[in-house]
Amino acid sequence: MQTNVLIVGGGPAGATCAYLLKKAGVDCLLIDQATFPRDKICGGGLTSKTWHLLEQLMPGFEYEYNPVTLVRLDVDGRVNCQFTLDEPIRIVQRKVFDNALLQQYIAIGGAFLKASLHQIEEQADGTIVAILKSGERIECQYVVGADGSNSRVRRSLKPDTDRGILAMERYVDKSFKYQMATKSPLSDGVGEASLSTSIDVRLSESYAQGGYFYRFPAKEFDVIGFGDYTTTPEKFRRIMQEEGVPEGQERGAYIYLSNDYPLHPRIILIGDAGGFANRITCEGLHRAIITAQNAATAIIEGRPFRETNVAMFRKVRNEARFSKYFYSSLGFAIIRWLCRHPGLMKKIFDRKMKKTMG
């Protein structure tokens, strides 16, 4: 089998890249080992910059979501604040959202194959041969790895790659009205309705670097999760118990937070496979979409990905440096001070939710 571009991984990064390539008339094939719809661990929050970008790239794309504007932030159970965003964060259920993206690509004639990648070989003439676990061989000019934090495509470039940090989630019935186990009262005016429709985030110096607890209200259930650099299933369940979260379906996944692999002119890594999740929040959906766009641009225009994605590479390097200060004692002192000024916190959040890269 032959194709110009093989995209491995049918999640938001892979489906978006495949869609943009197909729209531009580039011969491509998207493969994924899963049967869609399939579950995927993720809070599922589309920030305004993310859904505006999707509207730009895929006009008319429709998907189910729960719009949420109220954010409640707690720091160490000592101080907290709440504020309303100018534009909602759209909470999606990844099982439904990812399938909708895949179907958007298929609807314009995109080729999709349920298959699993085994290994990649580079020929003397520059052609890349992807060997599937079925034994089938696919000859192509480009391979785009969009196969998540445990990327097999990335392992072809860096065999000793690690998997990143472990994040875990629990799906909880919406009848459970989550109340943060805080030592200080929440701001006035938080009623039962807002408790069931707000996004809740807790930061704590007791968590390892990069750690935070969160609750995202999807339409059918609440997604309650936790992750830091030392997360284990036992630690996750202890945190859930401390927060009073009832038992529920649990899932876990690794988040790769590094760009320590060699860049290759014809093997491109995007989304979580490329380690592009936010170094501070681990948010990855916006990064998945924008790196997919940058990869498609590189292939369509015949430019290096290191060039089309230069702003993202710079951003993650800066985030890696800044995260050390963000999660320091000084960083927590600043966040606690900001919580006492919710108007200022709102301005910062609104700016971050809207800011994108050229």
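How many helices and strands are there in the protein chain? The chain holds eleven helices and 16 strands, where helices (H or I, at least four residues) and strands (E, at least two) are DSSP runs numbered from the N terminus. The model is predicted, and local features therefore need pLDDT of at least 70, side-chain atom pairs count only at pLDDT 80 or more, and totals for chains, interfaces and linings use all residues. Residues are numbered from 1 along each chain as its sequence is written, and side-chain values use heavy atoms, with hydrogens and water left out.

The overall dimensions were computed from C-alpha atoms. Along the principal axes, these atoms fill a box of roughly 65 × 40 × 35 Å. The radius of gyration of the protein chain is 21 Å, in agreement with the value near 21 Å for a compact globule of 358 residues; this radius is taken over C-alpha atoms, and the globule rule is 2.2 Å times the number of residues to the power 0.38. Of the 358 residues, 56% count as buried, a term that denotes under 20% relative accessible area, with exposed set at over 50% and partly exposed in between (1.4 Å probe, protein chains only). Among contacts (heavy atoms within 4.5 Å) between residues at least 6 apart in sequence, 68% join residues at least 24 apart.

An open sheet of five strands has the order E6-E2-E1-E10-E16, and its pairing is parallel; two strands pair if DSSP finds at least two bridges between them. Strand E6 (111-114) and E16 each have a single partner strand and stand at the edges, so one side of each is left without a neighbour in the sheet. Neighbouring strands of this sheet are turned by 20° against each other on average, direction ignored. Axes here are lines fitted to C-alpha atoms, for helices over the stretch in contact, and angles run from 0 to 180 degrees between N-to-C directions. Strand E10 (residues 142-145) is joined to E16 by three bridges, the two running parallel, and Val144 stands opposite Ile268 in E16.

Two helices were examined against this sheet. H1 lies across strand E1 (5-8), E2 and E10, and runs at about 165° to E2. Helix H3 (residues 94-107) packs on the sheet and touches E2 and E6, its direction making about 150° with that of E2.

Helix H1 (residues 12-23) also meets H7: their axes come within 8 Å and cross at roughly 35°. On the H1 side the contact is made by Pro12, Ala13, Thr16, Cys17, Leu20 and Leu21. H7 contributes Leu285, Ala288, Ile289, Ala292, Gln293, Ala295, Ala296, Ile299 and Ile300. The residues of this contact divide into 13 nonpolar, two polar and no charged, where Ala, Val, Leu, Ile, Met, Phe, Trp, Tyr, Cys and Pro count as nonpolar, Asp, Glu, Lys and Arg as charged, and the others, Gly among them, as polar.

A second open sheet consists of three strands in the order E7-E8-E9, with antiparallel pairing. Strand E7 (117-122) and strand E9 (137-140) stand at the edges with a single partner strand each, so one side of each is left without a neighbour in the sheet. The twist averages 20° from one strand to the next. Four bridges join strand E8 (residues 128-132) to E9 in an antiparallel arrangement, and Ile138 in E9 is the bridge partner of Ala130.

Backbone geometry was also considered. Most residues other than glycine have a negative phi, and most peptide bonds are trans. The peptide bond from Phe36 to Pro37 is cis, with omega near -5°, and Pro37 is found in the loop between strand E2 (28-32) and strand E3 (45-46). Asp76 has a positive phi, near 60°. Asp76 is placed in the loop between strand E4 (66-75) and strand E5 (79-91) and is buried, with a relative accessible area of 17%. The phi of Cys282 is likewise positive, near 65°. Cys282 lies in the loop between strand E16 (267-269) and helix H7 (285-301) and counts as buried at 13% relative accessibility.

Ile335 lies in helix H10 (residues 329-339) and is buried, with a relative accessible area of 7%. Residues up to four places away in sequence not counted, Ile335 touches Leu73, Val75, Leu203, Phe326 and Met345. Ile335 and Val26 are 309 residues apart in sequence, and their C-alpha atoms are 47 Å apart in space.
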